[in-house]
Amino acid sequence: MTITKQTIIGDILDTDNSVAPLFLAIGMHCLGCPASRGETIEQACAVHGTDPDELVARLNAHFGNA
């Protein structure tokens with residue numbers, strides 16, 4: 001799976017829920033909320049004041065796309 005800022009969080013978690021700690025580490029503690037599962041990485045990072053490019057890089061490293 002290749003992650004971009006437009007990738008939906010729920011799709012990522014459905015593919016591999018072991019990435020949840022990457023979201024939790026930057027303050028995204030609402031992963032179970034139906035609304036958050038429909039957000040893109042970019043939308044969620046905007047709400048939480050975090051860098052979407054950094055999260056995308058970490059997720060792609062996890063999925064072997066770095």
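1. Let's start at Thr40. Apart from its neighbours within four places in sequence, Thr40 is in contact with Lys5, Gln6, Thr7, Ile8 and Ile9. Keep in mind that you're looking at a predicted model. As for its place in the chain, Thr40 sits in the loop between α3 (34–37) and α4 (41–48). Is Thr40 buried or exposed? Its relative accessible area is 8%, so Thr40 counts as buried.

2. Lys5 turns up again in a salt bridge, this time with Asp53, where the closest N and O atoms are 3.7 Å apart. Asp53 belongs to helix α5 and Lys5 to the segment before α1 (9–15), so this pair ties together parts 48 residues apart in sequence. Both ends are partly exposed: Asp53 has a relative accessible area of 44%, and Lys5 has 29%.

3. How many salt bridges does a search of the whole structure find? The count is three.

4. Next up is Arg37, which forms a salt bridge with Asp14, with 2.4 Å between the closest N and O atoms. This one also links distant parts of the chain, as Arg37 is in helix α3 and Asp14 in helix α1, 23 residues apart. Arg37 is partly exposed at 28% relative accessibility, while Asp14 is exposed at 57%.

5. Finally, look at Arg58 and Glu54, whose salt bridge has its closest N and O atoms 2.8 Å apart. The two are four residues apart in helix α5, so about one helical turn separates them. Arg58 is partly exposed at 40%, and Glu54 is partly exposed at 38%.

Conventions:
Residues numbered from 1 in each chain as written. Predicted model: local features only at pLDDT ≥ 70, side-chain atom pairs only at ≥ 80, totals over all residues. Heavy atoms only, no water. Buried < 20%, exposed > 50% of the residue type's maximum accessible area, 1.4 Å probe, protein only. Contact = heavy atoms within 4.5 Å. Salt bridge = Lys/Arg side-chain N within 4 Å of Asp/Glu carboxyl O.
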